[in-house]
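Please read them with the model open.

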Amino acid sequence: MRSASAARASRTIWAEYYIIRNDDTGHRFLDILAERARSGVEVRLLYDAVGSLGLDRHRLRAIAEANGRTEAFLPINPLRRRWALHLRNHRKMVVVDGEIASPAA
């Protein structure tokens, strides 16, 4: 089986992350997603609203403007009566062209 890499995706990138930091690594990851979406790759990103609190909104917007989809999981809503902190998970998963991406890819 070949190694999957988001930078080489040709059809799809589906990613779920608890924490995407507002640092060089997080910026590079979001920039790759935006670039691949601009080239026609189906990009979907699900990130935790609390774990990724300082996320660069401009980079998320770049993904959306390139027809990618980004969604915050359990956004913070102070008006909601019940907080669901127990539903958060710490998954980090990337599926590229139907294959699970490996960290070394």
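1. Basis. The model is predicted: local features need pLDDT of at least 70 and side-chain atom pairs count only at pLDDT 80 or more, whereas totals for chains, interfaces and linings use all residues. Residues are numbered from 1 along each chain as its sequence is written, and side-chain values use heavy atoms, with hydrogens and water left out.

2. Overall fold. The chain has two helices and five strands, in the sequence order β-α-β-α-β-β-β. Helices (H or I, at least four residues) and strands (E, at least two) are DSSP runs, numbered from the N terminus.

3. Strands β1 and β2. Strand β1 (residues 12-17) runs parallel to strand β2 (residues 42-48), and six bridges join them. Two strands count as paired if DSSP finds at least two bridges between them. Within this pairing, Y17 has Y47 in β2 as its bridge partner. Between β1 and β2 the chain passes through helix α1 (residues 24-38), giving a right-handed β-α-β crossover. Right-handed here means that, with the strands pointing away from the viewer, the path from the first strand over the helix to the second runs clockwise.

4. Strands β2 and β3. Five bridges connect β2 with strand β3 (residues 69-73), again in parallel. L45 is found opposite T70 in β3. With helix α2 (residues 57-65), β2 and β3 form a right-handed β-α-β unit.

5. Of the 105 residues in the chain, 40% are buried; buried means under 20% relative accessible area, exposed over 50%, and partly exposed in between (1.4 Å probe, protein chains only). Among contacts in the chain with a separation of 6 or more, 76% are between residues 24 or more positions apart. A contact means heavy atoms within 4.5 Å.

6. Charged pairs. How many salt bridges does the rule give? The count is four, taking a salt bridge as a side-chain nitrogen of Lys or Arg within 4 Å of a carboxyl oxygen of Asp or Glu. One of them pairs D31 with R59, with 2.8 Å between the closest N and O atoms. D31 lies in helix α1 and R59 in helix α2, so this pair ties together parts that are 28 residues apart in sequence. Both ends are partly exposed: D31 has a relative accessible area of 31%, and R59 has 22%. R59 also meets D56 in a salt bridge (2.7 Å, N to O), and D56 is buried at 14%. Shared partners join D31, D56 and R59 into one network.

7. A further pair. R44 and E42 form a salt bridge through their side chains, at 2.8 Å from N to O. R44 is partly exposed at 38% relative accessible area, as is E42 at 31%.

8. Leaving out residues up to four places away in sequence, S52 touches Y18, I19, I20, Y47 and R57. Y47 is also the bridge partner of Y17 noted in point 3.
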